[in-house]
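The sequence and the model are shown first, and the description follows.

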Amino acid sequence: MGRGRVELKLIENKINRQVTFAKRRNGLLKKAYELSVLCDAEVALIIFSSKGKLYEYCSSSSMLKTLERYQRNTNSSTSQSSEIVAFDVEDETYQDYLKLKARAEVLQQNNRNLQGEDLGPLSVNELEQLENQLEVSLKQVRSTRTRYMFDHLTELQQKEQLLREANKSLNKKMDEDKAEIDLQLSWQAGEQRRQQQVDDHRALQLSWQEGEQRRQQQQMDEHKAEMALQWSWQAAEQQRQIAAYNHHINAAASERFFQPLECSPSLQSGNSLSNASNMMNSAAPVQNLLGFFPGWTL
């Protein structure tokens, strides 16, 4: 039993249309290859998918050479068939418009069916196909979402690992900095204590020096007062001794030199010498006290 004849119309199911396009494209490429090999023909095949993807086959070494050959052959008959070509172009343009219009309507209907609208005219098989298409689309969406989520989760885990490592290194650095800061603070505290001890020692030394200076100044003041007292006492004693000596001299002079002499000059001379010696003997204590010889005053 042979296959039934396939009706040539646009396949409404997108998945079936893509599958049919792939199969027929491969078959067409295979037929072009067989034709070029079996019949030694130069074949060039160009196919554009509905998404604009290019598929091509060329039996020669270069597609450009085949296209140039085609261009030369078509240019020779262009002047003869210009009117026919213009009509064909218009007819082809109109046919393309009708195809595009029908395709747009089919796409709109398919879109409404996918959204759950206008399902009444569909048969059971079409509904099953639509359900299968939705299930396949849903599986693809879920698979894509799962893959995206897994990729995002992997990326987040990598970021988390990097952040953990960075946090670990920062904690280590913070510990090192903290230990260094503690050591520096302890050193500064010790330095401050040592400086405070030095300042206290200097203050104590300065206070001791000031006390020593005050004590020396006090001693000097006491010594000066004592010396001044001693000098005043010595001056008073000297004044007293001088006054006593002057009094003694005056008394001796009045008694010895100013009395009338009744003896001979020789005896008077002897008496004078004896009296002078007596005066010298009597003035000896004054000499010893005043430090000068009283005879010079005579």
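The lining of the largest pocket comprises 17 nonpolar, 16 polar and 13 charged residues; here Ala, Val, Leu, Ile, Met, Phe, Trp, Tyr, Cys and Pro count as nonpolar, Asp, Glu, Lys and Arg as charged, and the others, Gly among them, as polar. The model is predicted: local features need pLDDT of at least 70 and side-chain atom pairs count only at pLDDT 80 or more, while totals for chains, interfaces and linings use all residues. Residues are numbered from 1 along each chain as its sequence is written, and side-chain values use heavy atoms, with hydrogens and water left out.

The volume of the largest pocket is about 1,700 Å³. A pocket is an open set of points on a 1 Å grid over the protein atoms alone, with protein on both sides within 12 Å along at least five of seven lines, whereas a cavity is a set where a 1.4 Å probe fits but cannot get out; lining residues have an atom within 4 Å of a point. Grid points are joined across faces, edges and corners, and the volume is the space filled by probe spheres set on them. Of the 46 lining residues, L10, I11, E12, N13 and R17 are the closest to the centre of this pocket. Helix 1 (14–39), strand 1 (44–48), helix 3 (82–114) and helix 4 (124–256) each supply at least two lining residues, and helix 3 gives the most, with 11 residues. Helices (H or I, at least four residues) and strands (E, at least two) are DSSP runs, numbered from the N terminus.

The table lists the accessibility of selected residues; buried means under 20% relative accessible area, exposed over 50%, and partly exposed in between (1.4 Å probe, protein chains only).

| Residue | Relative accessibility | Class |
|---|---|---|
| Y33 | 48% | partly exposed |
| Y57 | 19% | buried |
| D40 | 71% | exposed |
| C39 | 52% | exposed |
| C58 | 19% | buried |

The structure holds 2 aromatic pairs, that is, rings of Phe, Tyr and Trp (its six-membered ring) with centres within 6.5 Å; planes under 30 degrees apart count as stacked, over 60 as edge-to-face and the rest as tilted. Y33 and Y57 form an edge-to-face pair, at 6.4 Å centre to centre and 80° between the planes. Y33 lies in helix 1 and Y57 in strand 2 (residues 54–58), 24 residues apart, and the pair links distant parts of the chain.

D40, in the loop between helix 1 and strand 1, has a positive phi of about 55° although it is not a glycine.
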